Amino acid sequence: KDANAALLSNFEVYQLLTDLKQQRKERGKTKQSSGQQNLNTIMYETLKYISKTPCRYQSPEIVREFLVAMKDHKLTK
């Protein structure tokens, strides 16, 4: 399968953004380009929005259980 064509769940996006936020916090403040500042704004706004959704309370096990339960329904993307 093409890794660049995969769909991400809200949980995966939330997990990725929170991990990136934590990494940046650990590195400390450094001078950033305007492109990096724009990316930070996009990350902030996305994380702010997605934090208000149920994915904030999910875990990998819950997502896995859901996928297993839905497998029999043979849904398409």
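Q: Which residues does tyrosine 14 touch, not counting residues up to four places away in sequence?
A: In this predicted model, tyrosine 14 touches Leu47, Ile50, Ser51, Cys55 and Arg56. Contact here means heavy atoms within 4.5 Å.

Q: What makes up the largest nonpolar core?
A: Seven residues do: Phe11, Tyr14, Leu17, Met43, Leu47, Ile50 and Cys55. Helix 1 and helix 2 each supply at least two residues of this core. A set of this kind counts as a core because its members are buried and joined through side-chain atoms within 4.5 Å. In soluble globular proteins, nonpolar side chains tend to be buried together.

Q: Which residues of helix 1 are buried, and how do you know whether they lie on the same side or on opposite sides?
A: The buried residues of helix 1 are Phe11, Tyr14 and Leu17. They cover an arc of only 135 degrees around the axis, so they sit on the same side of helix 1. An α-helix has 3.6 residues a turn, so residues three or four places apart point the same way. Glu26 and Arg27 are exposed on the other side of helix 1. The cover over the buried residues of helix 1 includes helix 2 (34-50) and helix 3 (60-71).

Q: How do you know that the length of helix 1 agrees with its number of residues?
A: Helix 1 has 18 residues (10-27), which at 1.5 Å a residue should span 26 Å. Its end C-alpha atoms are 26 Å apart, and therefore the two values agree. Just after helix 1, glycine 28 takes a positive phi of about 90 degrees.

Q: Why is asparagine 4 called exposed?
A: The relative accessible area of asparagine 4 is 74%, and exposed means over 50%; therefore asparagine 4 is exposed. Asparagine 4 is placed in the segment before helix 1.

Q: What is said of lysine 74 in terms of phi, and is lysine 74 buried or exposed?
A: Lysine 74 has a positive phi of about 50 degrees, although it is not a glycine. Lysine 74 lies in the segment after helix 3. With a relative accessible area of 72%, against the cut-off of over 50%, lysine 74 is exposed.

Q: Why is the protein called more spread out than a compact globule?
A: The protein has three helices and zero strands. Its radius of gyration is 16 Å, well over the 11 Å that the globule rule gives for 77 residues, so the protein is more spread out than a compact globule. Along its principal axes, the C-alpha trace spans about 50 × 30 × 20 Å. Of the 77 residues, 12% count as buried.

Terms used: Residues numbered from 1 in each chain as written. Predicted model: local features only at pLDDT ≥ 70, side-chain atom pairs only at ≥ 80, totals over all residues. Heavy atoms only, no water. Helix = DSSP H or I, 4+ residues; strand = E, 2+ residues; numbered from the N terminus. Expected span 1.5 Å × (residues − 1). Buried < 20%, exposed > 50% of the residue type's maximum accessible area, 1.4 Å probe, protein only. Arc of directions from axis to C-beta. Rg over C-alpha atoms; globule rule 2.2 N^0.38 Å.
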